[in-house]
Amino acid sequence: MSANCYRLGCDIGGTFTDFVLLNDQTGELSVHKCLTTPNDPSDAVEIGIQALTGNVPGCLEKLDEIIHGTTLVINSIIERKGVKTGLITTKGFRDVLELGRESRYAVYDVFCEYPQPLVPRRYRLEVDERLRSDGSVIKPLDREEARGVVRNLLAMGVESIAVCLLNSFENPKHELMLQEIIQEEAPGMSVSISFDVLPQIKEYERTSTTVTNAYVKPITEKYLDKLTDRLESIGVKSKLFIMLSSGGITSVETASKFPVRIIESGPTAAVISGQYYSKLFDIPEIFCFDMGGTTAKSCLIQEGVAGVVPTFEVGRVQRFAKGSGLTIQVPVVDLMEIGAGGGSIAGVSKMGTLQVGPESAGADPGPICYDQGGMYPCVTDADLLLGYLNPDYFLGGEMALNLDKAQEGIKTMIADPLNVSSIQATWGIHDLINETMAAAAKTHIAEKGGNPKLVTIVAFGGAGPVHAYGLAKKLGAPRLIIPPNAGVGSAMGFFTAPRAFDLVRSHKVSLEGADFAEIESIFKSMEAEGLKTVMKTGGGEDVTFERSIDVRFVGQGSETNIDVPSTDFTRLNRADIRERYDNIYEKLFGRTYPDSPVEFINFKVRASLPARLLTLQERDFSHNSLGGARKGSRPAFSEIAGDFVHYTVYDRYLLPADVSFKGPAIIEEKESTVIVGEDASVSMDRYGFLWIDLEDE
């Protein structure tokens, strides 16, 4: 076997850290799952790699690359564990972070709360400079005044500085001067300027994104440096890549410079897996459902493509209330958080009703049944008591679950206060989280023009296959797919992601008045920057570029993105561009306005290398039989019967190909458990995918 034939995917979640080792030559997969180590996530990375080394001797010497997804950045923002950050902005714009869009997410709630800015007001200072909207200078930046502002911030003890000046996306001269002054006054100080982070129109979004980048940049750099050193210390010599929120992968250097780009690093990978399966099986609409220990995320994949949106929110005060979080304007796969995870805590609300989440027990201490000091009942505790989980086969038997403690916790903290039986309380926890996820999923699917009764659900995560059947019932979805190793599905997605980077540049100009030669120059500049960034991943010869433009009617407040050919922009016809815009606008909104002029706002480029696709291998099932796969039966709760019934338990690794059987069934594998009700049938294909068909109601 030749050298460098292995690739490793590593996904750090809120509760578990997942590993998948792929042999590119044979297609063989080795997986591992261990508890995340919140105090130092690199501990879990080293533990997992050491475990894989024991299972696959010699793999480190033949490891070509490690692709890593992490929740470090988003957790640092949510938990407010970033560094003390300062902001330098144009005079008069000190309070833009609090003013935001001057809109209320809860119009009639006079007590509605908003997230506190990452930079307190005392650390937000101004410089007296001004640019026009075209980038021309009204008032030059006074270098000595700027130096005084920088010294004031340094005297306050800031560890990172964000610079965001008005209209700097058209002319970065003043921001670059400030960056130079900061480095003169404090060599080595972490600096984020908006022209590098987000050279895009809309002042609030640009400032919020730049500040967020500055807030987490030092801790991201420290973590990635430490991770690199730890990998080297255990003999890893391969390249290390980081998953981007947009669905591509990038170098450690780029991720360290732009940590705001990896906020949704982990959850994105499951969507990339879903895209791959959608194309592999030619399924027009797949609903990707990823439920881990902390959260559940979803994405509707249509015609093999997951949408990418230009903005999202982090750290919402009200979990599902749009507008109640910090706005981040970077490209991100169109994910929606639709519920809680296995570690989400159940309790009694102030109204005296059952409530699940949003608080999570995480990995430390975890649910009560983990027997690690957890005191509050969680979704996993309910799943265990309902018979869905085997207390002696959790993580393949590596982690025993304490059934008695889970039962006592739900009785004393849920059943008794609500004056219901323990089984009612237990089923209520499981069913409530399914109902919450179904309600959010219906909204998400409808917003994308889909139909929940037509989608195929593909489930990932340790808790995903446990809840997928119940979710499908509530959605009315006809079919489920449970991929092999679904419990580490996010880590699987790393292998099908391209090395890519997205760039944007704002330049507001009307279609009729646009200088196409100037626009071509903007595109070429971004492509050169994209090429430089992608080459840091070790490639460059086969880089391709995709161009698009955000266009709107003159005076409109929002834009519509249109793709344009990646050829010389001067060769394009204005009428063709207008026709392309009108066609897309009419498709989205039902009509267009051909007599109204349009204008260009943002120019976008995606630079990417071809993805090293995962090639699924047909498995050898010749020695397997349905009888041999039966592990016995155990009582588990049936929604249809409203009581415990006997479920046949199967060992997934021993199921034969092309087998079919009816529920009720429980199918166990090391990283997850699949629940199938009485009204569903199961079949398995030659790749090891479980196809679950539900009967029409």
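**Aromatic pairs.** I looked up the ring pairs first, and this structure holds 20 aromatic pairs. I'm keeping in mind that the model is predicted. To describe a pair of aromatic rings, I note the distance of the centres and the angle of the planes.

**Phe553 and Tyr593.** I picked this pair to work through. The ring centres of Phe553 and Tyr593 are 5.6 Å apart and the planes stand at 80°, so I wrote the pair down as edge-to-face. The cut-off I needed for that is an angle over 60 degrees.

Where do Phe553 and Tyr593 lie? I found Phe553 in strand S26 (residues 544-553), while Tyr593 is in the loop between helix H16 (574-589) and strand S28 (598-608). The pair therefore ties together parts that are 40 residues apart in sequence.

Buried or exposed? I checked Phe553, and its relative accessibility is 8%, so it counts as buried, because buried means under 20%. Tyr593 comes out at 35%, which means it is partly exposed.

**Phe600 and Phe603.** Next I looked at another edge-to-face pair, Phe600 with Phe603, and got 5.8 Å centre to centre with 75° between the planes. Phe600 has 0% relative accessibility, so I marked it buried. Phe603 is buried too, at 0%.

**A cluster.** Which residues form one aromatic cluster? My list reads Tyr276, Tyr277, Phe281, Phe460, Phe689 and Trp691.

**Charges over rings.** Last, I looked for charged side chains sitting over rings. I noted the charged end of Arg574 over the ring of Phe516, 4.3 Å from the ring's centre. I also noted Lys631 over the face of Tyr393, with 3.9 Å to the ring centre.

Technical notes: Residues are numbered from 1 along each chain as its sequence is written. This is a predicted model: local features need pLDDT of at least 70, side-chain atom pairs count only at pLDDT 80 or more; totals for chains, interfaces and linings use all residues. Side-chain values use heavy atoms; hydrogens and water are left out. Rings of Phe, Tyr and Trp (its six-membered ring) pair if their centres lie within 6.5 Å; planes under 30 degrees apart count as stacked, over 60 as edge-to-face and the rest as tilted. Helices (H or I, at least four residues) and strands (E, at least two) are DSSP runs, numbered from the N terminus. Buried means under 20% relative accessible area, exposed over 50%, partly exposed in between (1.4 Å probe, protein chains only). A charge sits over a ring if NZ of Lys or CZ of Arg is within 6 Å of the ring centre and within 35 degrees of the ring normal.
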